[in-house]
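Hi there,

Here is the structure I promised to pass on to you. Please open it first, and then read on for what turned up in it.

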Amino acid sequence: MTTTSKQDRVLIFDTTLRDGEQSPGATMTHEEKLEIAEMLDEMGVDIIEAGFPIASEGDFRAVSEIATRSKNSRICGLARANFADIDRCWEAIKHAEKSRIHTFIGTSELHRAIPNLTMDEMADKIHETVTHARNLCENVQWSPMDATRTEWDYLCRVVEIAIKAGATTINIPDTVGYTAPVESADLIRNLIETVPGADEVVFATHCHNDLGMATANSLAAVAGGARQIECTINGLGERAGNTALEEVVMALKVRNDIMPWTTDIDTTKLMAISRRVATVSGFPVQFNKAIVGKNAFAHESGIHQDGMLKNKETFEIMRPEDVGLSGTSLPLGKHSGRAALRDKLEHLGFDIGDNQLKDVFVRFKDLADRKKEVFDDDIIALVRTGGDTENDHLKLVTLRVACGTGGPAEATMVMSVDGENKTAICQGDGPVDAAFKAVREVHPNDAHLQLYQVHAVTEGTDAQATVSVRLEEDGNIATGQSADTDTVVASAKAYIHALNRLIVRRGKMGEGVDTREISYRDVT
Ligand code: KIV
Ligand code: ZN
């Protein structure tokens, strides 16, 4: 048996619900946040950054509820460098079994200019705010935002101040994804060697992926002495995203011979949480994404398949089972029953309740009537895209489109609006354009189409298409998804799904909930 000392352990700090959710269009509902937090808690994440409590009532409620529900993980909330933020954060997390206040301020020259503080004024502010946080909570994390572009002497000075004021974790963010592995390792190593008191705290690394180096930079920081990696599921996050949790965890596991550090993550849960985050955030995982992409374990070329049949290790450095993928993929058909579907869903890592199973089963039967074999990816698409719910204001009732050469496409659509059927006949530049125009005729709106994306789920001309539609209206962003063997129907449903989410959001805005008007970048 091998034993690992405290020094060998790397803490995993997941910020999917804060930095990830902040990514435009990735907004999650309250229930979705609770569900993701529960999955993170169960898979062994050490610290969950659950949100930014002062940003909105919705964020506050989500962080508080996650704090009271969490069984294993430490629950962390984000706060800017002011007492109001820190107090609000403490209110949200104080009922957690283990809690943490994470307070930060931008320390580089560019970031100091935003609140217009001199170096000395900012140093005083850091001392006051970290002391205040520490008086409330015994576990305080402090971050100099844009650390990798902060002057070295000033960075050492402020890190020392934060440690003296009581910070227990010092996080070094590469906010704009600017650093590179050698520099990332040196920066942490030099800080630990230079700053008085550095050996009393945990150093963390927080990387963004603008140059595609977030995973490499995070692992290099660990080699330099960091013992906490900040990351998100699927690398979700602003711009090019954050370090992907699944990548750093599997890299440490597979290459433990040269990176002798361990995490407490149950890697067999990676696939399930990746799929769930993709669904609720509306950000699909790219097919060739490391670890959790659809093709990550697919070996299609003849040479690869031949090698794989003789010895799996020829082309496989980790087993699909290690990340929660089942080796087999037996398709279901129209005679498959509810028990077979439940069994398949469990195999695919979905833990769904009876009501959701009922809904997925109805849609599965409908699909199986139209498609000879229903593959794993079809089932995943059914669960990910969801069907109509009773509360939806808008529902597609019927859609017929005439298209082809020699004239514009024409869509005839019946849509139910709060239970009342309305019909529209519209022409457009192709069938999808005609269908979207029909939706707008029935439900006039000013939502701006930000993204329209179609993926074929499996091969063959009867393959389902999954469609994602992202809409923006008055600064609110909503993503809708749908799957159908008919691409135009999937498109119309995804559009309607996004509109339903915007309607809900509009309603909540009226109640003063989830205003999302404060960005963490507006540091005062
Ligand atoms: O990227 C960043 O600098 C952050 C901080 C709030 C830690 O997310
Ligand atoms: Zn960040």
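How many cavities of 30 Å³ or more are there by this rule? The count comes to four. A cavity here is a set of points, on a 1 Å grid over the protein atoms alone, where a 1.4 Å probe fits but cannot get out. Rolling a probe the size of a water molecule over the atoms shows where empty space is left.

Before going further, please note that this is a predicted model, in which local features need pLDDT of at least 70, side-chain atom pairs count only at pLDDT 80 or more, and totals for chains, interfaces and linings use all residues. Residues are numbered from 1 along each chain as its sequence is written, chains are lettered from A and ligands numbered from 1 in the order in which they are written, and side-chain values use heavy atoms, with hydrogens and water left out.

The second largest cavity holds about 50 Å³ of space, where a volume is the space filled by probe spheres set on the points, and grid points are joined across faces, edges and corners. Its lining residues (those with an atom within 4 Å of a point) include T148, D174, S184 and C207. At least two lining residues come from each of β6 (169–174), α8 (181–194) and β7 (202–207). These labels follow DSSP runs, numbered from the N terminus: helices are H or I with at least four residues, and strands are E with at least two. The lining has six nonpolar, four polar and one charged residues. Ala, Val, Leu, Ile, Met, Phe, Trp, Tyr, Cys and Pro count as nonpolar, Asp, Glu, Lys and Arg as charged, and the others, Gly among them, as polar.

Now for the helices. α6 (residues 119–136) and α7 (residues 152–165) pack at about 25°, with axes 8 Å apart. Axes are lines fitted to C-alpha atoms over the stretch in contact, and angles run from 0 to 180 degrees between N-to-C directions. α6 and α7 are therefore roughly parallel, a term for angles under 35 degrees. Among the residues that meet are M119 and I126 in α6 and Y154 and I161 in α7, where contact means heavy atoms within 4.5 Å. The residues of this contact divide into 10 nonpolar, two polar and three charged.

α14 (residues 354–370) and α15 (residues 376–385) pack at about 130°, with axes 10 Å apart.

Enjoy exploring!

Conventions:
On a 1 Å grid over the protein atoms alone, a cavity is a set of points where a 1.4 Å probe fits but cannot get out, and a pocket is an open set with protein on both sides within 12 Å along at least five of seven lines; lining residues have an atom within 4 Å of a point. Angles under 35 degrees count as roughly parallel, over 145 as roughly antiparallel, 65 to 115 as roughly perpendicular and the rest as oblique.
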